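This report walks through some local features of the structure shown below and then turns to the way its chains meet. Please keep the sequence and the 3D view at hand while reading.

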2 protein chains.
Amino acid sequence: MAPTVQCLDTATVATVGKGAVPVVGQAPEKKMQCSNLLDADEFRRQGHQVIDFISDYYGSMGDYPVHPSVTPGFLRNLLPAEAPCRPEPDAFGSALKDVRDIILPGMTHWQSPRHFAHFPASSSTIGALGEALTAGINVVPFTWAASPAAAELEMVVVDWLGKALHLPESLLFAGGGGGTILGTSCEAILCALVAARDKKLAEIGENRICDLVVYCSDQTHFAFRKAARIAGIQRDHCRAIHTCHEDMFALSPTELQAAMQADVDAGLVPLFLCATIGTTQTTAVDPIGELCAVTAPHGVWLHVDAAYAGSALVCPEFTHMIDGVEAVESFSMNAHKWLLANNDCCVMWVKKPSALVAALGTEQEYILKDAASEGHDVVDYKDWNMTLTRRFRALKMWLVLRCYGVHGLRDHIRSHVRMAVEFEDMVRADERFEVVTERTFALVCFRIRPVDKFGGQKTANDLNRALLEQVNAVTSGPYMSSANVGGMFMLRCAVGSTLTEQHHVAHGWKVVQDQASVILGKMEIIHTLCSK
Amino acid sequence: MAPTVQCLDTATVATVGKGAVPVVGQAPEKKMQCSNLLDADEFRRQGHQVIDFISDYYGSMGDYPVHPSVTPGFLRNLLPAEAPCRPEPDAFGSALKDVRDIILPGMTHWQSPRHFAHFPASSSTIGALGEALTAGINVVPFTWAASPAAAELEMVVVDWLGKALHLPESLLFAGGGGGTILGTSCEAILCALVAARDKKLAEIGENRICDLVVYCSDQTHFAFRKAARIAGIQRDHCRAIHTCHEDMFALSPTELQAAMQADVDAGLVPLFLCATIGTTQTTAVDPIGELCAVTAPHGVWLHVDAAYAGSALVCPEFTHMIDGVEAVESFSMNAHKWLLANNDCCVMWVKKPSALVAALGTEQEYILKDAASEGHDVVDYKDWNMTLTRRFRALKMWLVLRCYGVHGLRDHIRSHVRMAVEFEDMVRADERFEVVTERTFALVCFRIRPVDKFGGQKTANDLNRALLEQVNAVTSGPYMSSANVGGMFMLRCAVGSTLTEQHHVAHGWKVVQDQASVILGKMEIIHTLCSK
C-alpha cells in the first residue's frame, strides 16, 4: 500500500496516464523550465551564506562537546514525517538555522580539536573547498571522453601523490602501473581482491571459487573480511593469522607461511594477502618485504592497506615502514584520514592495471567514445572500480598537493606526531599508567596498569573501560576510543584533528588523569571496606 | 625502486629511524601545530572566492562547447610531473586560475544547458551547497554513535523521499523496512545482491555459490553484470533475457519464467532479478507486478533499479510505472541524476534490513558504541553497505527536499518532460526522422529513417552514427549520445540539465536537422553519381 501522500496535486492527478503531461496552465508554474534552480546569482547569495556558516562553525568548534548527550530518536522525533509540499519562505535560511540549532548539537564533531577517537578525518580549508568546487562543477568522469580534463588530472595527481609518498615507480603511471581515487579503503581492497580472484580463476577454473583462501592478521581491519565475503570467498576461508604483543601485533611471516602451506596441503588455493601499515587498533606495521617473500612462491596477490599511516609516508623518516613494497601488487591509503583531503578520498595504486580492467571492465556502445581518444591509451576509470558514476575527487587532491606542497603536508604530519610524542611522554611519566604498544605514528595506546590489590589483570579491562566511559563523559573533555588487543583493553588517543593544538592534548591528558584518580580512589575505598 | 624525490628534506632525513621525530628547531616550521590549515578566517576568505568562481561558471556555462576538442595527453603534458615542495605565493588563487584556464576548457560540461547525452547529472544550488556544507562539517557517520544526528537525519530523509516517490510503506522505516544513501546504483545493486546471495546460501549451503543464477534483461545496465561478477556469480550464470521492439524492450515475464524453469530443471538455483524502471538506452519499463509473480514461487530476490526514472515517481502521473512494487525486496534510484541532489546520491530501500545486516554487518569493540544507544534499535549504517567510511549525504538530500519541496521537484521533472515532448513532436514533424521507441520520461530516441535508395536498413546505422558525430562536432551545438537496441543505432536526446530551456532544445533540434540535411545531401550526390 502506498502511504497517504499529503502533496496531492489535484490539478494534475486527473491527467494520470502513461507519460501524461499536465496541460500547461493548469500546472502551478508558468515557465516551461525551472532554470532558477541553478541561477548564478542565487547560488552566489546562498553560497556566501554557507561559507559564513561553515567558517562560524570552525571558529566555534572548540565550544561544542565532541560527542553529544542525546538519546536515540532525539532528532527523528523533532522532524516532520514528510517532506514539505512547497518550501516555507526563506527555506534555505530556516534550514541553515535548523542545522545550527538542532543538527550540529546532535553531531559528533570530528573536526573538534578534542576529537582523539578512531582515526582522524582531517579537514582542511583547501580540502573542504575542493569538495565544494567539485560539487559545483558536478561532472561524472567515468570515461576519458566523459570529462577529459578530469580523467587526466586524476592520472597526474595519483602520480604526484605516489611520488610524494615515496611509492615505487612500478605502482605509478610513470612506471607502467597506475592509480585511481575511490571513496574508501573498503572499495580499494574489494577491487584488488576481485582482480586477484578473477586472475586466479582464469588459471584454475571459475568453479574453483570455493577453494580460494585469503589471508590477513587478527589485526586487519574488518573491511577485508567484508570484502572477502562480498567477493564470494567462503566465510571459513579467510585466515586471520594470530599476532602477539612481542611482535607488536604485526603479522608474522612464519605463521603466514605455515598457514598457506597447510592450505596448499589441503588442496586449497592461496589467493590474497591483505597486509597493513598502521592497523586500526594499535597502528601495527606488517613487514611487507618479508611477507612478499612468503606470498610470491604461492602466486598470492599482496595488497597493502595503509589507510591511516599511508599519509605519514610523505615524511622520509617513515618510508622504511614500507621496505620491500616494490614487490606488492597493490597499495591503498585514505588521504581523507590524515592528509587533509576531506571525505572521501582513498587512493589506490596497482602494478598491473590490466588485471583490474579484466575483472571490472565493461564495453558498451552507449558509453560515448571520443574519436580523439581512438588509438590512444586513455584511461576509462569506470573499468578500474566498481561503479560507473564517480565524483571528480582528483580536483580536491590536486588542490591540496598544490596549495600545501609536499613540505606543508610533512609539517602537518610531524606536528601531530610531535603532539603524540608529548602525550606518550606524559603517560609514561605517570606510573599509574602504561603505554601498551609502542607508538609509531600519532596514536598512543595506553591503559591504567593492572593493580594487584584491585584484582590485577582480571579487573584491568573493566577498570579501563570505566575510565574511557568517564573520560568521554566530561563535556569539555577529549573524545577517545579503545582497542582490545591480546586480551588487553586500552584507550586510544589518536592525534590528528587539524585544529588540535598542544594545549588540547595536555588538557586531554589532564582529564584522563583526573578521571583515573576518581576511579582509583573509589576502588581504594571499596578495597579498604572489603579488607576490613 | 623509489623514484627520485625532489622534495628531499635534508634537515630531517638524517633523523630516519622508527618513528623518529625531527628535532624541533631543525624542522622548517616553528609552531607545534598547523592550525592555520583550517583557520576560520582563511576559510571564509577563500570560500567566498570559490563561491564566486562557481557562480561565474554557472553564469557562463552556455558559452562553453559542451564537449571539448582535446586530444589525450593535453592536460598531462601541461602539468609538472611532481607536486610542488612548497606552495607558490597565493597558490589557491593561481590554482583557481588554472582551473578556469586549463581544466574547465578540457571538461565535458555536464551542467551545460546543451548537455543531452547519457542521463542528466542534475545540479541545483541547494544540491551543490549541500555538498559544500557536508564537506565543511566533515563527519564520518558509520554508526549512530559516530554522529547521531547524521544517522537519524538519514533515516528521516529516506522515509521523506520514499513517501515523495510513492514507494510502499513496507520499504520505509515507517513500515518495517528502511533505506540508506549510497554513492551509486552499482553499490546498491551489489549490496542487495550480496544480501540475497548470503540469505540463499544460508539455506542451501555456502559451497553451492557456483549453482546460483541471476537474471536481467539485455537492456539492464552493465552495473548489474559487474555486481554479479564482483559477488562471485559465475560469468555464464547471468541470464540477460532478450527483449524486443514490440514490447518496447521491456523484460518479458514469460521469457523470464522459461529461463528460470530451465535453470531449475538443470539443477541450478535462481537467486536474483534486477528489473529496471527506465533502462539506460531507451528508458524501457519492466513490468514489476508481473515479474514479481514469476520470481515469488522461486524465492528469487527482486531488486528494482530506477536509477534514472525513480526521480519521475515524484509525479503522480508516473506512479503506475511501478504497479506491484509492494512485492519487491529492494529498490534504488539516483537522486543525483534527475532530482537535483548533485553527485553522489543513490538511495536504496529494502523490505528486510536484517538481510542486509546479516550479509554486510560487522561487530568490533573498537567501533565505539554509545551507552545511550544500548537497548535501542539504532541504525549503524556501516552494516547496510560495503564501506565503513561514508559521507553525510543525508544533509544534502534533506536540504533539497526541504528547500524545493515535493511540488517543486514535480515542477522540475515536468518541465523536462514537457521539453522532451516538444522535442519528440519536432522529430515526428520531420518525415526524414522517426522516433524509434516511445518516449516515456524525458528521453527521446530517434534516428534518420532508413532510405531505400541509400541502402535501407543496411546503411541506416552508419548514417545515424555519422549524424551523431556531426551533431556533436558543432561547437555551439547540443551534445547527445546513442543507443543501439534491437540492431538499431539511434540518437538519444535526454532532457534533464537544470539549466536547459526551451530554446536550447529547439536549437538542438535545428542542429540535428541541419546536419542531417548535409549528410543526406552528400548521400544524394553519391547516389546520383553512382546511378549514372
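## Arg393(B) and its surroundings

Setting aside neighbours within four places in sequence, Arg393(B) is in contact (heavy atoms within 4.5 Å) with Ile181(B), Leu182(B), Gly183(B), Asp344(B) and Cys345(B). Arg393(B) belongs to helix 12 of chain B, where helices (H or I, at least four residues) and strands (E, at least two) are DSSP runs numbered from the N terminus. With a relative accessibility of 7%, Arg393(B) counts as buried, a word that stands for under 20% relative accessible area, while exposed means over 50% and partly exposed lies in between (1.4 Å probe, protein chains only).

## How to read the values

This is a predicted model, in which local features need pLDDT of at least 70 and side-chain atom pairs count only at pLDDT 80 or more, whereas totals for chains, interfaces and linings use all residues. Residues are numbered from 1 along each chain as its sequence is written, chains are lettered from A and ligands numbered from 1 in the order in which they are written, and side-chain values use heavy atoms, with hydrogens and water left out.

## Two further buried residues of chain B

Trp398(B) also has its place in helix 12 of chain B, and this residue is buried, with a relative accessible area of 0%. Not counting residues up to four places away in sequence, Trp398(B) touches residues of chain A, namely Leu79(A), Ala95(A), Asp98(A), Val99(A) and Ile103(A), as well as Leu153(B), Val157(B) and Trp160(B).

Ser217(B) lies in strand 2 (residues 212-217) of chain B and is buried, with a relative accessible area of 0%. A polar atom of the side chain of Ser217(B) lies 2.8 Å from the backbone nitrogen of Gln219(B). Beyond its neighbours within four places in sequence, Ser217(B) is in contact with Ala240(B), Ile241(B), Thr243(B) and Leu251(B).

## Aromatic pairs

Over all chains the count comes to 34 aromatic pairs, where rings of Phe, Tyr and Trp (its six-membered ring) pair if their centres lie within 6.5 Å, and planes under 30 degrees apart count as stacked, over 60 as edge-to-face and the rest as tilted. In Tyr308(A) and Trp338(A) the ring centres are 4.9 Å apart and the planes stand at 10°, so this pair is stacked. The two residues are 30 residues apart, with Tyr308(A) in the loop between strand 5 (301-305) and strand 6 (330-334) of chain A and Trp338(A) in helix 10 (residues 335-338) of chain A.

Both Tyr308(A) and Trp338(A) are buried. By contrast in geometry, Tyr381(B) and Trp384(B) form an edge-to-face pair, at 5.4 Å centre to centre and 65° between the planes.

## Where the chains meet

The contact between the chains takes 214 residues from chain B and 215 residues from chain A. Together they bury about 18900 Å², 63% of it on carbon and sulfur atoms; buried area is the accessible area (1.4 Å probe) that two parts lose on being put together, summed over both.

Between chain B and chain A there are 14 salt bridges, each being a side-chain nitrogen of Lys or Arg within 4 Å of a carboxyl oxygen of Asp or Glu. Asp411(B) forms a salt bridge with Arg86(A), their closest N and O atoms being 3.0 Å apart. On the side of chain B that touches chain A, helix 12 (residues 393-429) of chain B gives the most, with 21 residues.

Notes. A polar contact is a pair of N or O atoms within 3.5 Å; within protein, one must be able to donate a hydrogen and the other to accept it, and residues adjacent in sequence count only if both atoms are side-chain atoms.
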